[in-house]
Amino acid sequence: MHELILHHYPTSPFAEKARLLLGFKQLSWRSVLIPAVMPKPDLTALTGGYRKTPVLQVGADIYCDTALIARRLEAEKATPALFPEGQEFNVASFAQWADSLVFQHAVSLVFQPESVAVRFGKLPPEAIKGFLADRAGLFSGGSASRLPLEQAKQQWPVLMSRLQQQLEREQGDFLFGAPSLADFAMAHSLWFLRGTPVTAPLVDEYPAVAAWLGRVLGFGHGSHSEMNGEEAVAIARDATPAELPAEALTDPNGFTLGQRVAIAAIDYGVDPVEGELLFSGGEELILRREDPRAGVVHVHFPRMGFRIEAR
Ligand SMILES: N[C@@H](CCC(=O)N[C@@H](CS)C(=O)NCC(=O)O)C(=O)O
């Protein structure tokens, strides 16, 4: 059995989502801290170019995107469930909506000038400039664009009032009664806003939301210990990728097994990963690539939100 290795950095909201998923499942894991901006040489040795945060590594299998990481963790440990039986569609669809729309609002609000001044106040001006330039590049070539601050400010109270009302009327303590992926997908953006006193009131003015967020963050991060990026690359090099799922390859666009392709996110961080298409399943795409440092790795992507191109 290989250890679960999370490549992440502390301030990333999607990394916080992944850490909370690990905490919810009470899993133990290894933590590899990656840079918040490019270049990320150890990470991209594993992924082949995908640069977003976080990434989960299990031996020589590399899982991109928290939507797929959630499914991988569910396979690792079925209970407590992230996709409670009978709620799978609702939970996955809600999570996809929160991860895109709610996160887009949070980014716009967090990056407003008053908030940036506090959040990055202690950093040298060149570091702030470098970070903002990196994030501007992150959006190039993708379908996503920054939500104008005015629009985010106008719409945010709608999102919070709806959430507040739902939580007040909900039978259980969580969005779908029992805890699920939906809670974590909603929570990480609110955790991001909570990061400074400038944006924290956007969450804390809603008492039922603040109480629910406390419960979700209360799951913690599970037990973890540090590892460095080089060690993680060596683990991939020395490991053999897991067996492929049994599901047959059924690609609606006619891509075939063994074909040379590139897979990339659609929205932002669209850096393509090239390799051999090994698997195209209902939820997941798997690419085989060979890396000078990491050896043969299988890179896994969600089917939703990614595209395949022949190479
Ligand atoms: N859909 C992705 C989104 C991940 C994402 O947007 N992560 C941000 C950090 S919270 C990111 O990658 N920023 C650029 C970077 O870390 O290089 C997921 O669910 O994992």
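The model is predicted, so local features need pLDDT of at least 70 and side-chain atom pairs count only at pLDDT 80 or more, while totals for chains, interfaces and linings use all residues. Residues are numbered from 1 along each chain as its sequence is written.

**Domains**

- The protein chain splits into domain 1 (4-80 + 223-310) and domain 2 (88-217), with bounds that come from an automatic or database domain assignment.
- Taken over C-alpha atoms, the centres of domain 1 and domain 2 are 24 Å apart.
- Where the two meet, 19 residues of domain 1 are in contact with 22 residues of domain 2 (contact means that C-beta atoms, placed from the backbone, lie within 7 Å).
- On the side of domain 1 that touches domain 2, H1 and H3 are the elements that give two or more residues, and H1 gives the most, with seven residues.
- That side of domain 1 has 15 nonpolar, one polar and three charged residues (Ala, Val, Leu, Ile, Met, Phe, Trp, Tyr, Cys and Pro count as nonpolar, Asp, Glu, Lys and Arg as charged, and the others, Gly among them, as polar).

**Around the ligand**

- The ligand is surrounded by 13 residues, the closest being Ser-12, Phe-14, Lys-52, Thr-53 and Thr-66 (a residue is near a molecule if its C-beta atom, placed from the backbone, lies within 6 Å of it).
- Helix H1 (13-24) and helix H3 (66-76) each supply at least two residues of this shell (helices are DSSP runs of H or I, at least four residues, numbered from the N terminus).
- By class, the shell has five nonpolar, four polar and four charged residues.

**Helix H4 with H7**

- Helix H4 (residues 88-110) and helix H7 (residues 149-169) pack at an angle of about 125°, with axes 9 Å apart (axes are lines fitted to C-alpha atoms over the stretch in contact, and angles run from 0 to 180 degrees between N-to-C directions).
- This angle makes H4 oblique to H7 (under 35 degrees counts as roughly parallel, over 145 as roughly antiparallel, 65 to 115 as roughly perpendicular and the rest as oblique).
- Val-102, His-105, Ser-108 and Leu-109 of H4 make the contact with Leu-149, Ala-152, Gln-155, Trp-156 and Leu-159 of H7.
- Six of these contact residues are nonpolar, three are polar and none is charged.

**Helix H4 with H8**

- The axes of H4 and helix H8 (residues 181-193) come within 8 Å and cross at roughly 5°, which makes H4 roughly parallel to H8.
- The contact of H4 with H8 has 15 nonpolar residues, one polar and one charged.
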